Amino acid sequence: MKKGVMRPGHVQIRVLDMDEAVKHYKDLLGLIEMDRDDQGRVYLKGWTEVDKFSVVLREADEPGMDFMGFKCLNEDVLGQLRSELIERGCEVEDIPAGELRDCGRRVRFIAPTGHAFELYATKKQTGKWGVGNHNPEAWPRGLEGIKATRFDHCLLYGPNLDETLDLFRDVLGFDLAEQVIAPDGKRVAQFLTVSTKAHDIAFIHHEEPGKFHHASFFLETWQDVLKAADLLSMTDTSIDIGPTRHGLTHGQTIYFFDPSGNRNEVFAGGDYHYPDHEPVTWDAEELGKAIFYHDRVLNERFLTVLT
Amino acid sequence: MGETYQVTEQRSGQTFRCKAGQSVLKAMEQQGLKCVPVGCRGGGCGFCKITVLNGDFECGKMSRVHVPPGAIGEGEVLACRIYPLGNLIIECRPQPAGRLASEHTTTKVLR
């Protein structure tokens, strides 16, 4: 049941070297630099995104994800969800408006997987970059590199998938769209949606809490994915795997790493989900095909290389 | 630039060439060897952790989680972020059985 959480709104990613990171996310991935703050954080977004930013880079001496934020319908919904999180036993931290530039107050909590999530309802809207919303052209000129259209989802690794699903479903209104079930019946991967997308957030079971697998960005077509692969080779960027297709969600994809070792994905296509749909289930024995539909075998790096 | 050094991985006994300014991991990959595991190639994941037993090198930035302060002095570094200044003898960590034999793994990793 929908609870007023709308969509993934932002992710803050730690990078070892800001100049290298900005070059990667801006010049190669094609995000638009929107702002910087006095902490040295850099704010970016995909050109189709209406809100001011969706990716925040922070220089640190270990890479990984600081937090992922979901945007809620309005401040009333945010207040209600804050109360429900507390009733549920979650410890919430109130982050004041303006801590992220042009973003309203944020309610932060730690999921049972060990990851920090935030809810917020207010962020400055600068409109789709280069086209606006009045008689808009199809796309703006002047985009760089892979021309990523939007921040789409994250895949995170950690323990306690059942408790995390309960929290996201019961309190935040997410649905289980796809899952991987081990022979003993244990769910080892879960893809959750709060929209009609196949995933807005995904988790894979891992003993160590709070690990970051990837942040994903949406492209329109398979041809765009191939061109992304060309650009990754042209720039000698570290590729993990692809271009290929996933069994899970059926998206067409390529995985690569930013200069600090954080994994990125760009993908096109993929399945859709409505609240009356039963979850799609993959057996863990078919995991190779579930993750890489054509190779049908896993590379160890995909499962174990995390930040 | 222009110098080429020899890198020897002691556990496997494999030897490869590495140009000045080139990372040890990249040189190994270019020559089709697999004696050091390859992860993110960006100093972040710690997959390619090695000990430099002998030889001088320069370092790029590496995650503090995998290379804590003081570790560089002990030669404990990430192969993707070191650049030789002379011939090197390195040793990677003990590998789980079978990893060197195959890039692929089974679903057991997920359990």
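I began with helix 4 of chain A, where I found A:Val225, A:Ala228, A:Ala229 and A:Leu232 buried, buried meaning under 20% relative accessible area, exposed over 50% and partly exposed in between, with a 1.4 Å probe and protein chains only. Helices (H or I, at least four residues) and strands (E, at least two) are DSSP runs, numbered from the N terminus. Seen down the axis of helix 4 of chain A, the buried residues fall within an arc of 100°, so they line one face of the helix; the arc is that of the directions from the helix axis to the C-beta atoms. I then looked up what this face packs against, and the partners are helix 1 (18-28), strand 14 (239-245), strand 15 (252-257) and strand 16 (263-268) of chain A, with contact taken as heavy atoms within 4.5 Å.

I also checked the length of helix 4 of chain A: its 13 residues, 222-234, should span 18 Å at 1.5 Å a residue, and the end C-alpha atoms are 18 Å apart, which agrees. The expected span is 1.5 Å times one less than the number of residues. Just after helix 4 of chain A, A:Asp236 takes a positive phi of about 55°.

For the record, this is a predicted model, in which local features need pLDDT of at least 70 and side-chain atom pairs count only at pLDDT 80 or more, while totals for chains, interfaces and linings use all residues. Residues are numbered from 1 along each chain as its sequence is written, chains are lettered from A and ligands numbered from 1 in the order in which they are written, and side-chain values use heavy atoms, with hydrogens and water left out.

Next I followed strand 14 of chain A, which holds A:Pro243. A cis peptide bond joins A:Gly242 to A:Pro243, with omega about 0°. In the loop between strand 14 and strand 15 of chain A I came to A:Thr249, whose phi is near 70°, a positive value in a residue other than glycine. A:Thr249 counts as buried, at 4% relative accessibility.

How many of the residues of strand 10 of chain A are buried? Seven of the seven residues, 175-181, are buried, so strand 10 of chain A is largely enclosed by the rest of the structure. I noted two pairings for this strand, counting two strands as paired if DSSP finds at least two bridges between them. With strand 11 (residues 187-193) of chain A it runs antiparallel, joined by six bridges, and A:Leu176 has A:Leu192 as its bridge partner. Strands 10 and 11 of chain A form a hairpin with five residues between them, and A:Gly185 in the turn has a positive phi of about 90°. With strand 17 (residues 280-283) of chain A, strand 10 of chain A pairs in the parallel sense over four bridges, and here A:Val180 is partnered by A:Trp282.

I turned to chain B, which has one helix and seven strands in the pattern β-β-α-β-β-β-β-β along the sequence. Buried residues make up 42% of its 111 residues. An open sheet of five strands in chain B has the order 2-1-7-3-5, with mixed pairing, and its edge strands, each pairing on one side only, are strand 2 (14-19) and strand 5 (76-78). Strand 3 (residues 49-54) and strand 5 of chain B pair in the antiparallel sense over three bridges, and B:Ile50 stands opposite B:Val77.

Last, I went through the cysteines. The structure holds zero disulfides over all chains, a disulfide being a pair of cysteine sulfur atoms within 2.5 Å. For B:Cys45, the nearest cysteine sulfur is that of B:Cys40, 3.8 Å away, and B:Cys45 is buried, with a relative accessible area of 10%. The sulfur of B:Cys48 is 3.7 Å from the closest cysteine sulfur, in B:Cys80, too far for a bond, and B:Cys48 counts as buried at 4% relative accessibility. In the loop between helix 1 (24-30) and strand 3 of chain B I noted B:Arg41, which has a positive phi near 65° and is partly exposed, with a relative accessible area of 25%.
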